[in-house]
Amino acid sequence: MSKLFTKSFWEVVARLILRNRIGILIGIILMTLFFAYQWKNMRFTYTEANLLPDDNEVNITYNEFLKIFGEEGNLIVLGVKDSTLFTVEKLNAWNKLAEDFKNYPEVETVLSIKDLQKLVKNTEKEQFELEPFIKDSIHSKIEIDTLEKELFEQYPFYDNFLFNKKTKTIRTAIYLKKDIVNTPRRKTFVLEDLEPKIAQFEEAQQMDVRVSGMPYIRTLNAQIIVDEIGWFIGAALFVTSFIFFLFFRSFRATFISLVVVCFGVMWTFGILGLFNYEITVLTALIPPLIIVIGIPNCIFLINKYQHEVKSHGNKAKSLQRVITKIGNATLMTNLTTASGFATFMLTQSTLLKEFGIVASLSIVGIFMLCILIIPIIYSFLPFPKDRHLEHLNRRWVGGFVNWIERMVKEHKIAIYITSVTVLVVSIIGIFQIRISGSLIEDMPKKAEFFQDIRFFEQEFSGIMPLEFMIDTKRKKGVMKLSTLKRMQELEEVIEETHELSRPISVVSLVKYSKQAYYNGNPKYYQLPTSQENSFILSYAKNSSSEANLLQNFVDSTGQYARITTFMKDIGTDKMERIEENIQNKINKVFPAENYNVIMTGKALVFQKGTTYLVKNLAISLSLAILLIALFMAYMFRSLRMILVSLIPNILPLVITAGLMGYLGVPIKPSTILVFSIAFGISVDDTIHFLAKYRQELQANNWKIRKSVYAALKETGVSMFYTSIVLFFGFSVFIISSFGGTVALGALVSATLLFAMLSNLLLLPSLLLSLERNIANKEVLKEPSINIIPEEDEDEEENSKS
């Protein structure tokens, strides 16, 4: 019954498509125009990928911090390590550069050497006053020597913030307005104002200026993502069409395939715009993915059309059979591929949800375009010439299939031993995989801004902010001496941690106040005693200037304090140890009944997100396997067939995971995608093979061996073709400058190659070895979905003749 339904359904679909060709083409063009109109809604991301659900505790904590202190990633730093800077001309030019940036509307404030202020005691007014180190400009080398001595020897408050006294590295801090940090205005400022101005300074002064800070890193990183989308699409089109042409030796067939996948890419961008999703490092991969996945669809359909034409010479019947015979199989394989992506929709990560939604819808879209456009275009074209059909007789492909058949016939034991050996070795490798939560690990290593990150890590112990917020649970609780002493104890632990920079907080300011109270003597740069505190606080209360310095470290009520440090690029495992060590100190120093201390910051949120994704990896992959197993169960109605079909597809995933362990490729947001993507695609070959195998069983009166070898010959060529296209198609991601994208492309390519060999060697071997348990009329006689319809009588006669 289901067999008749499936056959009649696709016959109806074929009639509808071929009888309404013009209307369908107009509909596709209108749909494409609609999606093209949605492109205006596409947005490029201006923040780091948030991998955690909105209601996750880490996100809630981070948002609490932002609510009180505002955006923490608004600092851009300029750095120079050059002894010639300490000359009159160059130091004045450096200060002028900083002054110029103050005039931009995007800039909130700028701190450079010229902006540094001495905190000076005014005994008469009993208050602190701010006095600049440089009143106007530098006029002589003597002034420079005096400045160097004061800064590097007498004022530790500024050490490791605007200079490194050991290496004489100087930097300028540019704070952007917090309301533009995550908007297009940030990009405009960085690319059109900041970079040209720095380049002009470098050329004029012959100095190398290093630039970093989260707004700068985000902007350049996002720009590289945008630039690479075009490269990926172009490379994917070139590689897949070139391989397609090598197989078919037909410009016409190649051009038709390119038209189809280009429409698919336009639809993908339209879906992104329709849902108002941002283009991230993940969603940027979808357009080339659609090209890589769409070309195999074209191969199946065009190959079948040319087979039919060669078989009986009737173009109309050939086009109808392309839809009725390949339509269902292509639908099933595209659904399984889409399922691999769709499992990401079930995670609670917004980033992965959006990726899963757009990818799965785009795959369904490319299937519709293939099944509609290819038969319709061929219906208008003349009959294929003999040269268009020559590839069907290519001997070298037949030689490959014959080698596969010989291996399955004569070397099954060797195949099993090899499979088990590779499995054991891979499992050992899996235990060597590490998890990476680094915010910058995937960034382009050769990019200048990445080298600058390393520079600031070396000179100032990091560039990525790590924040601590202390809630004293009472107004003005921060300035109590007991709170300041507890904060100092926490800062000592932070300072002892090699991977973190010297912390900045109100503690440093209070120490600076005591130094000022004792006329700038650096030995008094320390917290005041209880007795001193009352005198110093009386001076501080009279000083409006000091209040301005306080505003970034203490909220307006005096209840919340902030400690800011910067962290190096470190892995998740190391950060977890640091976090545990600091948390132990917090628990010891800050009583829970009086204080609430949280640790947060963009880099920490990203690391937590990576750990969260790793936990979700097992869930999403298990869901993909379960979903595809349900497809198999519905199609074949056999538990044994499900198990046999899953083994050759799970083995390549284990091999890939083992390779990651041995090659040192960590689990991170980009490489997490490998397994679900590869599984969803590789299982397509299994479906094609088993569907043909079941058909051959019925045609050959349930003779197992004959059916296996016949199915191998029939599907081996198309499996080889599509696997080669997929292998080289995913390999285009290797041209990326992002390490994670390179790893994704290489790993998926390798996995699909392993999957092809596994499906061509291991799957037939299992069917032959377990033939009595698996293949019988009760198990395989009547599937729920007849993927490949039975051969018609006239076709059987043609094939026999």
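pLDDT is the predictor's confidence in each residue, on a scale from 0 to 100. This structure is a predicted model, and the mean pLDDT of its protein chain is 82, with 90% of the residues reaching 70 or more.

**Confidence along the chain**

- Among the elements of the protein chain, helix H2 has the highest mean pLDDT, at 94, while helix H28, which covers residues 793-800, has the lowest, at 40.
- Over residues 791-801 the pLDDT stays under 50, and for this stretch the model has 15 contacts beyond four places in sequence.

**A nonpolar patch on the surface**

- Six side chains are named in a nonpolar patch on the surface, namely Ile22, Ile26, Ile29, Leu30, Leu33 and Phe380, and together they have about 600 Å² of accessible area.
- Helix H2, which runs over residues 21-38, gives the largest share of this patch, with five residues.

**Salt bridges**

- Side chains of opposite charge can pair when their charged atoms come close.
- A search of the whole structure finds 18 salt bridges, and the points that follow describe some of them.
- Glu148 and Lys168 meet through their side chains in a salt bridge, with a distance of 3.7 Å from N to O.
- This pair links distant parts of the chain, since Glu148 sits in helix H5 (residues 141-154) and Lys168 sits in the loop between strand S6 (163-164) and strand S7 (169-176), 20 residues apart.
- The two partners fall into separate classes of accessibility: Glu148 is buried because its relative accessibility is 17%, whereas Lys168 is partly exposed, with a relative accessible area of 34%.
- In another salt bridge, Arg210 pairs with Asp208, and their closest N and O atoms are 3.2 Å apart.
- Arg210 is partly exposed, with a relative accessible area of 22%, and Asp208 also counts as partly exposed, at 42% relative accessibility.
- Glu532 forms a salt bridge with Lys514, in which the closest N and O atoms are 2.9 Å apart.
- The pair of Glu532 and Lys514 also links distant parts of the chain, for Glu532 belongs to helix H18 (residues 530-541) and Lys514 to helix H17 (residues 506-517), 18 residues apart.
- Glu532 is buried, because its relative accessible area is 14%, and Lys514 is buried as well, because its relative accessible area is 2%.

**Residues with a positive phi**

- Lys168, the partner of Glu148 in a salt bridge, has a phi near 65 degrees, which is a positive value in a residue other than glycine.
- The place of Lys168 is in the loop between S6 and S7, where Lys168 counts as partly exposed because its relative accessible area is 34%.
- Gln206 is likewise not a glycine, although its phi is positive, at about 55 degrees.
- Gln206 is found in the loop between helix H6 (184-205) and strand S8 (210-212), and Gln206 counts as exposed because its relative accessibility is 64%, where exposed means over 50%.

Conventions. Residues numbered from 1 in each chain as written. Predicted model: local features only at pLDDT ≥ 70, side-chain atom pairs only at ≥ 80, totals over all residues. Heavy atoms only, no water. Patch = residues over 30% accessible without salt bridge, like charges linked within 9 Å, V, L, I, M, F, W, Y side chains within 5 Å. Areas by Shrake-Rupley, 256 points an atom, 1.4 Å probe, with all protein chains shown as cover. Salt bridge = Lys/Arg side-chain N within 4 Å of Asp/Glu carboxyl O. Helix = DSSP H or I, 4+ residues; strand = E, 2+ residues; numbered from the N terminus. Buried < 20%, exposed > 50% of the residue type's maximum accessible area, 1.4 Å probe, protein only. Contact = heavy atoms within 4.5 Å.
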